[in-house]
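Okay everyone, have a look at the chain on the screen while I talk.

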Amino acid sequence: MRKSVRCGDVIIGGNAPVSIQSMTNIDTRDIPRVVGQIRQLEEAGCQIIRLAVPDMESADAFGQIKKQVKAPLVADIHFDYRLAVAAIEKGADKVRINPGNIGSRERIQAVVTAAKARNIPIRVGVNSGSLEKDILQKYGGVTAEGLAESALRNAELLEQMDFEDIVLSLKASDVALNYQAHRLIAEKTNYPIHIGITESGTVNSGKLKSAIGIGGLLLAGIGDTMRVSLTGDPVKEVYFARDILKAMGIRPGGINLVSCPTCGRTRLELERIALEVEDAIIPLARKREALGLPPITVAVMGCVVNGPGEAREADFGVAGGDGKGVIFARGQIIKTVPEEAIVSQLLELIDQDMEGHR
Ligand code: SF4
């Protein structure tokens with residue numbers, strides 16, 4: 001089992017479920033707007049939120065923001081160890097540094113000493129765009145072996161300072177390279193691992209790369225906390241991270257939606273029904289998560305060919321007919337309802353299912 005660390009009230013590693021992270025994309029000095037965005041991220045289900053701290057003014061703002069929000073906050077630091085120390089003193093729940101660009105051993109030691117004093121972890125972040133020169137030379141460019149070596153080397157540096165509250169991350173925008181590098185560090189260390197595909201692109205291309213990259217790692221049993229990186233609104237990162245976990249059934253309380261692609265046999269507005277169910281189950285999934293309930297599957301199927309089978313296999317489902325639908329619950333037919341009542345009927349059943357647990 002991997003080691004675990006605590007970031008605020010979130011455990012990363014050990015037996016803890018995979019946590020979702022994101023990063024604000026507003027100038028950290030703009031305190032009211034950053035606080036607003038953090039609240040949106042929290043509302044969307046983000047559990048750990050990272051803020052860039054590029055200067056001392058941002059470090060001061062970080063402290064003020066920390067007082068106004070509940071979610072654990074991570075200070076993202078490059079180059080200047082004094083910013084890391086300041087952010088830690090102002091209440092950071094974790095700092096993300098790349099020891100390689102912090103400079104001398106003394107400077108790294110200052111960050112470690114501050115983190116120890118506050119009992120917070122350090123995320124050692126290695127990125128394919130900023131690998132050490134000697135590693136690039138040794139491997140003839142950016143390779144999985146080089147990324148893994150850099151992450152392990154940096155972790156060892158902290159270990160030599162008697163610090164092991166470490167989360168490792170190494171990120172590449174190349175999905176295959178990213179996968180291979182993670183396999184290597186997962187074999188060689190038992191620190192918790194932060195996974196993601198860096199600079200994956202816009203919502204359209206980034207979603208695909210992240211689904212494959214993060215999904216592949218999770219299937220291989222790698223990943224204790226994750227961030228989907230998308231160009232644009234970070235709230236979308238959280239929705240999509242939740243979708244990945246939900247699709248893999250590894251999110252407690254999640255609701256997995258199964259729906260057929262429709263075809264010439266479809267005799268009702270199945271796409272509309274599936275989209276309405278998809279939207280409406282988001283708050284229900286949140287409630288299930290809060291109650292610690294296991295994941296469920298909801299099937300929205302277009303006809304009698306595969307519909308009854310899928311709907312029966314799911315926890316709740318509908319098999320469409322001509323302007324109507326047969327509703328299933330836990331493998332049993334409940335009733336047949338007109339098309340316009342299908343969504344409300346399914347939602348009622350999902351809601352009732354939580355009754356005894358509230
Ligand atoms: S379930 Fe029925 S309507 Fe949907 S794709 Fe299959 S055959 Fe077509």
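So, UniProt has an unreviewed entry with a "binding site" annotation, and that covers C260, C263, C303 and E310. A word on those records: UniProt positions are given in the numbering used here, feature names are shortened, and annotations may be inferred rather than shown by experiment. What you see is a predicted model, where local features need pLDDT of at least 70, side-chain atom pairs count only at pLDDT 80 or more, and totals for chains, interfaces and linings use all residues. Residues are numbered from 1 along each chain as its sequence is written, and side-chain values use heavy atoms, with hydrogens and water left out.

Let's find two of those site residues. C263 sits in the loop between β11 (255-259) and α11 (270-291). When I say helix or strand, I mean DSSP runs numbered from the N terminus: H or I with at least four residues for helices, E with at least two for strands. Is C263 buried, exposed or in between? It counts as partly exposed, because its relative accessibility is 42%. The cut-offs are these: buried is under 20% relative accessible area, exposed is over 50%, and partly exposed is in between, with a 1.4 Å probe and protein chains only.

E310 is in helix α12, residues 307-313. With a relative accessible area of 35%, E310 is partly exposed. Leaving out residues up to four places away in sequence, E310 touches V258, A299 and M301; a contact here means heavy atoms within 4.5 Å.

Now the ligand. Which residues are around it? They are C260, P261, T262, C263, R265, T266, M301, G302, C303, V305 and N306, where near means that one of a residue's heavy atoms lies within 4 Å. By class, that shell has 6 nonpolar, 4 polar and 1 charged residues. For the classes, Ala, Val, Leu, Ile, Met, Phe, Trp, Tyr, Cys and Pro count as nonpolar, Asp, Glu, Lys and Arg as charged, and the others, Gly among them, as polar.

On to the domains. The unreviewed UniProt entry lists "domain: IspG C-terminal" for residues 256-351. That stretch is 41% helix and 29% strand, and its end C-alpha atoms are 15 Å apart.

Within it, look at strand β13, residues 316-320. How many of the residues of β13 are buried? It's 5 of the 5, so the strand is largely enclosed by the rest of the structure.

What about its neighbours? Strand β12 (residues 296-301) runs parallel to β13, and 4 bridges join them; strands pair if DSSP finds at least two bridges between them. V298 is the residue opposite F316 in that pairing. Together, β12, α12 and β13 make a right-handed β-α-β unit. Right-handed means that, with the strands pointing away from the viewer, the path from the first strand over the helix to the second runs clockwise.

Strand β14 (residues 324-329) is joined to β13 by 5 bridges, and these two run antiparallel. Here the bridge partner of F316 is A329 in β14. The two strands form a hairpin with 3 residues between them, and G323 in the turn has a positive phi of about 75°.

Let's pick strand β5, residues 73-76. Both of its faces are covered too: L73 and A75 on one side, V74 and D76 on the other, all buried. Strand β4 (residues 48-52) is parallel to β5 and connected to it by 4 bridges, with R50 opposite V74. β5 also pairs with strand β6 (residues 94-97), in the parallel sense over 3 bridges. From β5 the chain crosses through helix α3 (residues 81-89) to β6, and this β-α-β crossover is right-handed.

Last one: N119, in the loop between α5 (105-118) and β7 (122-127). N119 isn't a glycine, yet it has a positive phi of about 60°. N119 counts as exposed, because its relative accessibility is 60%.
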